[in-house]
Amino acid sequence: MDPCPFQRILVGNLAVKSPASSKPSSFSGKVHPSTSPLFCKIQLKGVDWDDSVSCSNVCSVPVITEWDPQPRSLAASFDFSKPKMVKVSKKAQIKIWVYKGAATPSCVFNSAKLMGKISIPLDLTLAESRPCTFYNGWLPLTKTTNQAQLLHLTVRVDPDPRFVFRFDGEPECSPQVFQIKGDVKQPVFTCKFSFRDKNPAHFPSPNANNSAERKGWSITVHDLSGSPVAAASMATPFVPSPGSQRVSRSNPGAWLIIRPDGDGTWKPWGRLEAWREPNNSNAVGYRFQILPATADPVTLAASTISSQHGGKFTIDATSGVTPLSTPRGSWDLGSGSGSSLDSGLEAISFFNKGFVMSATVDGEGKCSKPDVEVGVQHVTCTEDAAAFVALAAALDLSMDACKLFSQKLRKELRQ
């Protein structure tokens, strides 16, 4: 399998230092008690987008003293496939606006004061084959040098090749899965959707729209020889919470992602939980955990996806940006959750740092054919790629499993 070229623009290690924060304190690396919270808007300019990919991000910025260590955190990332890379001109730049005031990013632009802004020019052609750091250090937020607040940042661009897969149909229709490279696609997997238990007592009839549970769904991924190489199987039924039509977060449905373990047996690889968000929300919440054989489960992704508009499921272990080239790329795992993450990841040989995978999910009423991207460093064999494909299928099917129980499922899901 040949990967597709991708690039990642990483912006991180943000911190503000000012005269008000120049004295030592016990609040190292956190918002200084004498200042209002700071937020910044990070935007990629000079890009001609023809889709809905976001080119901006809002995040908080810590105020530190000169005695505090430099923070290591990822503030924003922008990913480009080969076709999109050619749309990024040499005039592309990262622009950052820093604000003081509001306590949450959602209202920062309504009530906050602009503290300053900076621009970092980019030339992505310099990073086509090797990592390139465009800036690492401090910059004044204003042109006034006296008493000026300083912003620390790192801007880096890395080549990030990925394998790209596309379902040829909806997962419940047992589609083929193609590998994509440019305009060329070739079949690599087939999927078989089924029910583990076809006992009519356990599954609703076509007219039973208010069934008490949705369970037993399974999808198996086969290679071109017909051998099973991964599967996703419902481990916990999707049931409505008492007095409602929703799968609740307190009692989510769950899938096990499994891989062959030899002699016809399977071993668990990951667990995906999904539920419907409360308060009449159209969002489906999810949490994915990897299941190392010799360590506790490790949560790698947790977020929400709009059931109406769809979205993208992403596993990304990037949490810091190193300014210099290293043999393993530009990713650092910071302190805090990093130690537990490392302990779990050491038990699974495929996993590395940085971008892991993404999968698209279409909204209700649309034919959902997931596109799956997997970082090349996380695939060492066919089974690795198949596990990510099975995970993408499970997430797509979870959108159906989390529909209101007053809604009718398509016939493939009502056998």
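# Salt bridges, strands and burial

User: What relative accessibility does R410 have?
Analyst: R410 counts as partly exposed. That class lies between buried (under 20% relative accessible area) and exposed (over 50%), with a 1.4 Å probe and protein chains only. The relative accessibility of R410 is 27%.

User: What kind of model is this?
Analyst: Residues are numbered from 1 along each chain as its sequence is written, and side-chain values use heavy atoms, without hydrogens or water. Local features need pLDDT of at least 70, side-chain atom pairs count only at pLDDT 80 or more, and totals for chains, interfaces and linings use all residues, since the model is predicted.

User: How many helices and strands does the protein have?
Analyst: Both are DSSP runs, numbered from the N terminus: helices are H or I with at least four residues, strands E with at least two. The protein has 415 residues, and 49% of them count as buried. Its count is 4 helices and 20 strands.

User: Which residue forms a salt bridge with E172?
Analyst: A salt bridge puts a side-chain nitrogen of Lys or Arg within 4 Å of a carboxyl oxygen of Asp or Glu. For E172, the closest N and O atoms are 3.4 Å apart, and the partner is R410. E172 lies in the loop between β9 and β10 (176-181) and R410 in the segment after α4 (382-401), so the pair ties together parts 238 residues apart in sequence. E172 is buried at 5%; its partner is R410.

User: How far apart in sequence are the parts tied together by D384 and R259?
Analyst: D384 and R259 form a salt bridge, with their closest N and O atoms 2.9 Å apart. D384 lies in helix α4 and R259 in strand β14, so the pair ties together parts whose separation in sequence is 125 residues.

User: Is D384 buried or exposed?
Analyst: The relative accessible area of D384 is 3%. Its salt-bridge partner R259 has 12% and counts as buried. At its own value, D384 is also buried.

User: Which residues share salt-bridge partners in one network?
Analyst: The structure holds 15 salt bridges. One of them joins K403 and D400 at 3.7 Å, N to O. Salt bridges that share partners make one network of R8, D79, D160, R162, D316 and E373.

User: Which side chains make polar contacts of 2.9 Å with R162?
Analyst: R162 is found in strand β9 (residues 162-167) and is buried at 1% relative accessibility. A polar contact is a pair of N or O atoms within 3.5 Å; within protein, one must be able to donate a hydrogen and the other to accept it, and residues adjacent in sequence count only if both atoms are side-chain atoms. The 2.9 Å partners of R162 are D160 and E373.

User: Which residue of the hairpin of β12 and β13 takes a positive phi?
Analyst: Strands β12 (residues 217-222) and β13 (residues 228-236) pair in the antiparallel sense over 5 bridges. Between them lie 5 residues, and the positive phi, near 95°, belongs to G226.

Conventions
Pairing = 2+ DSSP bridges.
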